[in-house]
Amino acid sequence: MKREFKLNFLGRDLVVETGELAKQANGSVLVRYGDTVVLSACVMGKTPVTQDFFPLQVLYQEKLYSVGKIPGGFIKREGRPTDAATLAARLIDRPIRPMFDERIRNEIQVINTVLSVDQDNSPEMAALFGTSLCLGISDIPFDTPVSGVMVGMDEDGKFIINPTVAEAEKSPLALTVAGSEEAICMVEAGAKELTEKQMLEALMFAHENIKELCKFQAKIIREIGKEKKVLEPAILDEEVVKAVEEFAQKDMLEAIQIKDKIQKYDRIEEVKANTIKYFSEIYADKENFAKLMQDVDKTLLNIEAGEVRRLIIEKHIRPDGRKMDEIRPLYAGVDILPRTHGSGLFSRGETQVLATTTLGPLSDHQILDGLGIEDTKRFMLHYNFPNFCVGEIGRYGSPGRREIGHGALGERALLQVIPSEEEFPYTIRVVSEVLESNGSSSQATICSGCLSLMAAGVPIKAPVAGIAMGLISNGKKYTILTDIQGLEDHMGDMDFKVAGTKDGITALQMDIKIKGVTKAILKEALDEAKKARLKILDVMADCIKAPRKELSPYAPKVVTFNIDPEKIKDVIGKGGDMITKIILDSSNVKSVNDKDAVKIDIEDDGKVIIYHSDMEVINKARAMIEDIVKEVVEGEIYTGKVVKVEDFGCFVELWPGCEGLVHVSQLDYKRVDKASDMFKPGDEIVVKSLGYDNRGRLNLSRKEALPKPKDKDKDKEKTKDKEVKKEKASVKKEKTAKKESSKSAK
């Protein structure tokens, strides 16, 4: 039976419908937020899987019909998820995952299908709400409603929940927060250098509004929620746990405290291998051998995690011996690669990232085929995480969720300081190559990416650095860790990444494994992150203090100027013939696709942008364009070239695309019978503009461009003209007399 529930959330209707669509799923809801409509459905497998992890999968499926678009490309149907869809799926997965019992081994899938999009009402937030609610009303064990909001800021510094497109464009803050009624459990943000105090206030403001959405969910669940299935979590055999702890705990503790990452991990694996070998011999004859060995393996992991956490909370000893707020050794370098437009290397302990910056014309922008209002992007950051960076082998293929997510975080952090298109008319691509990783490679990406931008001469507004903060909590005590390494990330409760300049925050990302964090934890983490960020910025400044004034000799130079928009068609030419001619002639190449061909972008408002590594080529192309759009001024003297000769005059090209007629009567002060008597095609000629006639034709005069004859010359010309006239009259008289004589003879 169809049921409908409605909440007026800050002046907008949030409507939930259930019982009519996707009824065979364990749970399904249709969420309407304004004109945005998302169908969320969840399904659980009937039997546990054998893998030793919680098998949860969250999908976010963009349907381009939802925004009235037909997919691009040849196939014309939705294919692999866009980066935006992948990021939305991650954004939903991260807050709901900690709310499950991680010992569950039944597969769970949540599919969010975006059916209609109103750009002022976020489909991602509707999908997050729908995901939590469809799980809540289903028989799948999920007992803690989760919701999310977006937060913007107006010109007066007032926070706005779920800002409209117009409000978001003006906002210096783009914050997404998810949480339960009790606490915040996920944060994603980009900001124009907001202070730690402002960011904390924004987080708390978001949580107050999240509580209302969670209460709305709880009300619906009480009314129509199914009875939850009772699953059998993977419970460890107590005798196995005790035996493994006695055998391996001391060796594991020693291994964890080895400072070198490779040696530490090798020793941990050695302890595990020895333990597994020992117990596989003991349990070899047992009927439940496979289950017992799974318990051994899980117990070893629990010992490892337990020892890491105990040492930190009780003894304030980190796995590598650092203090709680100590950063690993730092290194920053630039110009690592000679032929790239800019390169930077950043190391923090055993995490090392090489980043490059490439500059291109604006026409090299990325085309976006998604649900958002933006269809292009001129700044891109791509993150690569090869297996060798952690000393492992594995498959190589398309970027996964990790690469896309870390790249988006780095891009968001640096985007806040990227100059505008007007200030720096280039497409900018930063590529991060993780060479070594022992935690926080995404933040090292931000640091190395910033170094490469400055080395490339991109006039960023300020240097940006990032740091990852961690949390270890036992429910009573907690410890904040600065610059977490891989083991602390894996065994810890929080990964809180903070990036920014010396003046404020540019990006945030928080993931947790517990059910939420308090205001006190967030404040302490933000304060400690700022201290660390300033130290890193000092190290980066010692390497390169500011963006270089000059671009790399291998980077395209740029010249920008404006022409009359009415003249654009003249520059392009019929079928693009004129712009092609300009590119080929100025670059001295045979094809516009040649790597050495000049790049020319012409915008609708008449803005012309020319790119090439050689300024001489740029200047030549500019001169050709300016010749085409140049206006002929009446009364001005020009030097042109004769391109065609007729009896009545000659056609003269003043510059490419501009021709006029010099009538035979305007060739000279003296009489000229035929233009060909004086000129032939290719001759140079000096002319004066007489302006345009009523049919738009340009009239020129050579005579007017010549010095006027002196009086003597005029008398000679007059005398000569009289003699010519007399001679012509005499010839005419003689011809007439002959005709009359002939008539008389007849």
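Trainee: How many residues does the largest nonpolar core have, and which have the most contacts inside it?
Mentor: Please keep in mind that this is a predicted model. Its largest nonpolar core has 133 residues, and Leu173, Met494 and Phe496 are those with the most contacts inside it.

Trainee: Which helix gives the most to this core?
Mentor: That is helix H4, residues 196–224, which gives 11 residues. In general, nonpolar side chains tend to be buried together in soluble globular proteins.

Trainee: And what is leucine 173 in contact with, leaving aside its neighbours within four places in sequence?
Mentor: Its contacts include Val151, Met153 and Phe159, and also Leu194, Met199 and Ala202. Gly152, Gly190 and Ala191 are contacted by leucine 173 as well.

Trainee: Which residues does the second, separate core include?
Mentor: Val240, Leu292, Ile312 and Leu487 are among them, in a core of 27 residues.

Trainee: Changing topic: what is the order of the strands in the open sheet of three?
Mentor: The order is E22-E24-E23, and the pairing is antiparallel. Strand E22 (557–562) and strand E23 (599–602) are the edge strands, each pairing on one side only. From one strand to the next, the twist averages 15 degrees.

Trainee: How many bridges join E22 to strand E24?
Mentor: There are six, with E24 covering residues 607–612. Across this pair, threonine 560 stands opposite isoleucine 609.

Trainee: Which helix lies across E22, E23 and E24?
Mentor: Helix H14, residues 615–629, does so, and it runs at about 15 degrees to E22.

Trainee: Where does lysine 545 lie, and is it buried or exposed?
Mentor: Lysine 545 lies in the loop between helix H11 (519–543) and E22. Its relative accessible area is 68%, which is over 50%, so lysine 545 counts as exposed.

Trainee: One last topic: what is the phi of alanine 22?
Mentor: It is positive, about 50 degrees, although alanine 22 is not a glycine. Most residues other than glycine have a negative phi. Alanine 22 is in the loop between strand E2 (12–18) and strand E3 (27–33), and is partly exposed at 33% relative accessibility.

Trainee: What about the phi of aspartate 335?
Mentor: Aspartate 335 has a positive phi near 60 degrees. Its place is the loop between strand E11 (330–334) and strand E12 (342–348). With 43% relative accessibility, aspartate 335 counts as partly exposed.

Definitions and conventions. Residues are numbered from 1 along each chain as its sequence is written. This is a predicted model: local features need pLDDT of at least 70, side-chain atom pairs count only at pLDDT 80 or more; totals for chains, interfaces and linings use all residues. Side-chain values use heavy atoms; hydrogens and water are left out. A nonpolar core is a set of buried Ala, Val, Leu, Ile, Met, Phe, Trp, Tyr and Cys residues joined through side-chain atoms within 4.5 Å. Buried means under 20% relative accessible area, exposed over 50%, partly exposed in between (1.4 Å probe, protein chains only). Helices (H or I, at least four residues) and strands (E, at least two) are DSSP runs, numbered from the N terminus. Contact means heavy atoms within 4.5 Å. Two strands pair if DSSP finds at least two bridges between them. Axes are lines fitted to C-alpha atoms, for helices over the stretch in contact, and angles run from 0 to 180 degrees between N-to-C directions.
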